[in-house]
Amino acid sequence: LKWGDEIEYTVVYFDRERKEARLYLSGCDFLDELQAEEKRSPDSHPTTWRPEYSSYMLESTPGKPWVFVGDLSEFNDVEPNMKLRRDEITKLLEGTNASCLTVTTFPRLGCPKFTEPHFSPTPQPEADGASRSVFYPDECIFPGHPRFKTLTRNIRCRRESKVAINVPIFRDVNTPSPFKETFDDPEAKAEA
């Protein structure tokens, strides 16, 4: 029985002067260097690195699948391999204003200016974007392979509408009641 694990790293740019953290859209630029040793020694390198859907994300897996041998001893190798992968990407990001996080989602995802460099969403049909999202610029989608933008465009075309994922509003003393979000985009207005 073979099995494995996968860790998705989110690369974040820290602007220390402004005290801001933004998703670093150049995260995929580190991929070649992370894959270099694996390409030199494909049968023996202990880690692999692959692109993810978003250009600020990188996926890591063990170099080879773990093999269940019946005594669970391979579990002793999992955590050290995860540490090795984190060490590889951390070392590569040293000296930059970037760092990697392993979080389910970035807290500012979809907020104005949440990327580095900054791009704005293009929800208008005439923009011919893949997602036409009111929150997520197409520049966030990994540009190195056409499957990611094609997948996004195909889902939108098959649905004959944009994907609407509305997150509940955190209500505190500063939240207007009733809370109403306004959009210029007709599809977004209908979903708000």
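## Strand β2 and its cover

Strand β2 (residues 7-15) is mostly covered, with seven of its nine residues buried. Here, buried means under 20% relative accessible area, exposed means over 50%, and partly exposed lies in between (1.4 Å probe, protein chains only). Helices (H or I, at least four residues) and strands (E, at least two) are DSSP runs, numbered from the N terminus.

This is a predicted model, so local features need pLDDT of at least 70 and side-chain atom pairs count only at pLDDT 80 or more, while totals for chains, interfaces and linings use all residues. Residues are numbered from 1 along each chain as its sequence is written, and side-chain values use heavy atoms, leaving out hydrogens and water.

## The partners of β2

Two strands pair if DSSP finds at least two bridges between them. β2 pairs with strand β5 (residues 57-62) in the antiparallel sense over four bridges; look for Tyr 9 and its bridge partner, Leu 58.

Strand β7 (residues 98-101) also runs antiparallel to β2, joined by four bridges, and Ala 98 in β7 is the bridge partner of Tyr 13. Tyr 13 also stands opposite Arg 22 in β3. β2 and β3 form a hairpin with four residues between them, and Lys 19 in the turn has a positive phi of about 55 degrees.

## Two sides of helix α3

In helix α3 (residues 146-159), the buried residues are Phe 148, Thr 152 and Arg 156. They cover an arc of only 65 degrees around the axis, so they sit on the same side of α3. This arc is that of the directions from the helix axis to the C-beta atoms.

On the face turned away from the buried side, you will find the exposed residues Pro 146 and Arg 158. After α3 comes Glu 160, with a positive phi near 60 degrees.

Note on methods. Expected span 1.5 Å × (residues − 1).
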